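Thank you all for making time this morning. Please have the sequence and the model open while I talk, and I will go from one site to the next.

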Amino acid sequence: MKGIKHYAFWPGFILLLAAIIFQFANPDGFFAILSGISGFFMSKMAWFANIVTVICIIVCVWAALSKFGNVRIGGKDAKPKLSNFSWFSISLTSSLASGLLVWGPSEPVYHMMDPAAAITGYDPGSGDSALFAMETMFMHWSFLPYGIMTTAAITFAFLYYNGKQPYSVFSELSPALGRLGEKKKVKDIVDGVILFCVVVAVAASLGQMLLNINYGMGFTVGIESTAMTMLIIVVVLTIIYIGSAISGLKKGIKALADANVYGYGILLAAIVILGPTFYILNIGTEGFGSFLQHFFDRSLVTGAAHDTDWPASWTTFYWASYFAWTPTLGLFLGSISYGRKIRTVVAVNLGLCGGFGALWVMIISGSSIQMQMKGVTDLVATMTEKGFGAIPYEMLSHLPAGFPLAVLYLIILLLSFITCANANVSVMAGLASKEVSLEDPTGAPAVQKLIWGIICAAVAYIVVATVGIDGVKQLANVSGLLAIFIEIGIIASIIILIKKWRAYDKTGTYAAEDPRTELE
């Protein structure tokens, strides 16, 4: 195959092919290996993951407020290639949006049933458990995960456009690694390992989405949930997200992302108008205040003092998933930030996207909690009998115009995954290809996008069909264990850049020393 970086392409490809064959040949053995690696991460590395997550928030704020924050990506004369709205919509939909749709209505139900009683002392189904559910949703789905992603985005954006580093995950580490970072084969091998991690992460996300979409198809159009219908869903989604990835950033990806954000807005507005408006506002405000009050103890908890695995099952699991996404998502978010200042990139990704996550939690999770607490419907029973994928549709069905809202939810659920997947497929193809242009780093050869898109779909379908949702979770943990060490290198690199960015700038221009922080 022409144009591929062999040291990047083949390690990840062979690892994934071996995993697929192993899954087919021995699902129980495959799951046992995943469980062993995942268990090690959860029991031994939770403290490390928690600390790294909090540090990411700190360094993002530090970068934005420092002189480094005033540097313009691409040099002081660089002009953005996307409108502000499209930049925001692509950033949002390529990151957490699909997860917010799946877990926004469902996760609070779990936390009300199991409010980490060993740690909090709260009774299941109580007012305290409802408040705990809200603050936990803010922790898992707003500013903390976007802090992880934003560190990689601003590091890569500066080093790629200003530092003239190659299109590689390894470029995010170059300030921290010094001369070791100059070895091309080492760079490609690291990219190959990261390709394995991100395919696993995308597959885990697709696996969760499949269970939700499968139920949604039955609820909205009466299609019975079978292995065949799930396979058809996978094939159709794969064709669409590969096709949009091949069409490029300014066509398929941009159009889908913009449409997606309009869909979010319509759904949120409808729930605010038709749903328990004042309850949403009240519990959202209270939950956000509780999130801020308990920010450090909740985000750093490991469960060791109370001998409970609740933090490992939830918080550490999420951090692992975000670490797995981040090295490549950082490349994508950084590559679409051309022409913006560093502090603007932080403001949009950490501030606006994180703020959208908080708004989503307030409205969607707040509605789910209200229906359970006020007896509108028994979402706990729905989860027990039908699974987490049924909860969003059950919740929406108890609102006026519930069926049209459920159809809209399913549509934007599909669009959300497609926009997220096509962004990552574009990055994966770029990492494995020699043919990446500085002008459009998402424009890697179509054949590469085809290969990695098919691999993602195959891994997701086989895992869901053989070992189910638990296997999906284990996949995310395994990839996170590898990726967390990349994140450490990214943090070290950004700290170096904050202090010595001029030494790495090869544009020949410097941004004006201007303390203003307005969005441009």
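This is a predicted model: local features need pLDDT of at least 70, side-chain atom pairs count only at pLDDT 80 or more; totals for chains, interfaces and linings use all residues.

**Glu107 and its surroundings**

I start with Glu107, which, once its neighbours within four places in sequence are left aside, is in contact with Thr136, Met137, His140, Trp141, Trp314 and Tyr318. Glu107 is found in helix α6, which covers residues 107–113. Is this residue buried or exposed? Its relative accessible area is 0%, and a residue is called buried when that value is under 20%, so Glu107 is buried. With one of those contacting residues, Trp141, the side chain of Glu107 makes a polar contact of 2.8 Å. With another, Met137, there is a separation of 30 residues along the chain, while the C-alpha atoms of Glu107 and Met137 are 7.6 Å apart.

Let me step back to the whole chain for a moment. The protein chain has 22 helices and zero strands, and of its 520 residues, 62% count as buried. If we take the contacts between residues at least 6 apart in sequence, 84% of them join residues at least 24 apart.

Among the helices, I would like to show you a pair, α9, residues 143–162, and α16, residues 310–335, whose axes come within 7 Å and cross at roughly 35 degrees. That crossing is right-handed. Which residues meet there? From α9 they include Leu144, Ile148, Met149, Phe156 and Tyr161, and from α16 they include Trp319, Tyr322, Phe323, Leu329 and Leu333. Sorted by kind, the residues of this contact of α9 with α16 are 15 nonpolar, four polar and no charged.

Most residues other than glycine have a negative phi. Asp307, however, has a positive phi, near 50 degrees, and Ala401 has a positive phi as well, near 60 degrees. Where do these two residues lie? Asp307 is in the loop between α15, residues 295–299, and α16, whereas Ala401 is in the loop between α19, residues 391–397, and α20, residues 402–431. As for accessibility, Asp307 has a relative value of 73% and therefore counts as exposed, while Ala401, at 46%, counts as partly exposed.

That brings me to the end of what I wanted to show, and I am happy to go back to any of these sites.

Conventions
Residues are numbered from 1 along each chain as its sequence is written. Side-chain values use heavy atoms; hydrogens and water are left out. Axes are lines fitted to C-alpha atoms, for helices over the stretch in contact, and angles run from 0 to 180 degrees between N-to-C directions. Helices (H or I, at least four residues) and strands (E, at least two) are DSSP runs, numbered from the N terminus. A crossing is left-handed if the near helix is turned anticlockwise from the far one by less than a right angle, and right-handed if clockwise. Contact means heavy atoms within 4.5 Å. Ala, Val, Leu, Ile, Met, Phe, Trp, Tyr, Cys and Pro count as nonpolar, Asp, Glu, Lys and Arg as charged, and the others, Gly among them, as polar. Buried means under 20% relative accessible area, exposed over 50%, partly exposed in between (1.4 Å probe, protein chains only). A polar contact is a pair of N or O atoms within 3.5 Å; within protein, one must be able to donate a hydrogen and the other to accept it, and residues adjacent in sequence count only if both atoms are side-chain atoms.
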